[in-house]
Amino acid sequence: MQYRHDKASGNKLSALGFGCMRFPSSMAETEKMILAAIEGGVNYFDTAYIYPNSEKKLGEVLAKHDKRKYVYIATKLPISMCRKYEDFDRFFNEQLRRLQTDYVDYYFMHNMISLEQWDEVRALGVEKWLAEKKASGQIRHVGFSYHGSGEEFPKVLDSYAWEFCMIQYNYYDENYQAGKKGLLAAAAKGISVMIMEPLLGGRLATGLPQKAIEMFKTADPQRTPAEWALWWLWNQEEVTLLLSGMTSAGQAEANMLSAENFRALTAAELAVFSDVVENFRKSYKVKCTGCNYCLPCPKGIDIPARLAAYNTSYVQNYKAGIFAYMAGMGALSEKPIYARDCNGCGKCEKLCPQNIEIRKELKKVSKRFEPLPIRAVLKLARKFMR
């Protein structure tokens, strides 16, 4: 494992951080992955209050195997859920209980989108609260995770004595949200930068068009698309670490090996990315990363799954896309849930960190996968299955 220094604290952090949002449903598999990661040198684990069972699972494994002292824990305050000063302690104390610890190393203000949003939380007294927690040692370092516009990022960056931040950044999203400018601005202020979505929800690993895959293979037949994406990030000294939301032991092992083997990219290797991005951009229709923030949908629509199927129908082929769509909607069940069932409430769009016009996209999904002939065939198939 290679390591980089956190500028504010001097802590030596593994270049590969473990993103805990997508733990496997199996506790045994989760335990195996966490222990394997620690054994492989990963010492930074990132979770959040709103990630289902994530803090609890991480805390149980670390406590069971007495590993807390060997790792840095990062978790997040759900600032959008805070309505009064007492909420800060309410959420934080619950997090300490779940994590089975008495302190947090890196504490994020979660899902920051604007200076106005931060000002609202400051009006509740969060700065006083953070100062008290830092003085007591319960919170070691304070930062924010960002999902807003590039214009708002510098304002948030200058609004507090942040010690680190987290931005979405990858070779496809180089200029999205905070982007490259935000990365450089934070680094210039001596703020460590953690990277989320390095693989764009896995799409830069397993969702590339075949032509893009061939471009990478021509440059290096041994390196996987995922490794290309991770190396592109590690090639930038301003990147403190990147988070991978690993869901299997195999993924963890591959990513740790990639971190171990990383070397600086050549000019010729860097030139490949522009061609891959151009090809990928033509094929992918919706920039959904599968984060699931939009769920649950009041109508029961699995929005990320519908959008993933829609993308698959263009990146791979229509047959693969509609097969994924039908499986996800429960096509042969008594009550299938169509994309057209969307009632246009807009709840999902308010929660989407990618600012996707989900209602508009679901109409496109419905038009592509739910023409009347297909609906008629499905209705007939369900009738004969009764």
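Colleague: How many helices and strands does the secondary structure come to?
Modeller: This is a predicted model. Its secondary structure comes to 17 helices and ten strands.

Colleague: What share of the residues is buried?
Modeller: Buried residues make up 54% of the 386. The cut-off is under 20% relative accessible area. As for the accessible surface, the protein has about 17400 Å², with 53% belonging to carbon and sulfur atoms.

Colleague: What makes the eight strands a barrel?
Modeller: They close in the order S3-S4-S5-S6-S7-S8-S9-S10, with parallel pairing. Neighbouring strands of this sheet are turned by 30° against each other on average, direction ignored.

Colleague: How do you know that S5 and S6 pair?
Modeller: Count the bridges. Pairing takes at least two. Strand S5 (residues 72-77) and strand S6 (residues 104-112) have four, in the parallel sense. Therefore they pair by that definition. As one example, Thr75 has Tyr107 in S6 as its bridge partner.

Colleague: Which strands does helix H5 touch?
Modeller: Helix H5 (residues 126-136) packs on the sheet and touches S5, S6 and strand S7 (139-146). The direction of H5 makes about 140° with that of S7.

Colleague: What share of the contacts joins residues at least 24 apart?
Modeller: Among contacts between residues at least 6 apart in sequence, 76% do.

Methods
Residues numbered from 1 in each chain as written. Predicted model: local features only at pLDDT ≥ 70, side-chain atom pairs only at ≥ 80, totals over all residues. Heavy atoms only, no water. Helix = DSSP H or I, 4+ residues; strand = E, 2+ residues; numbered from the N terminus. Axes fitted to C-alpha atoms, helices over the stretch in contact; angles between N-to-C directions. Contact = heavy atoms within 4.5 Å. Buried < 20%, exposed > 50% of the residue type's maximum accessible area, 1.4 Å probe, protein only. Areas by Shrake-Rupley, 256 points an atom, 1.4 Å probe, with all protein chains shown as cover.
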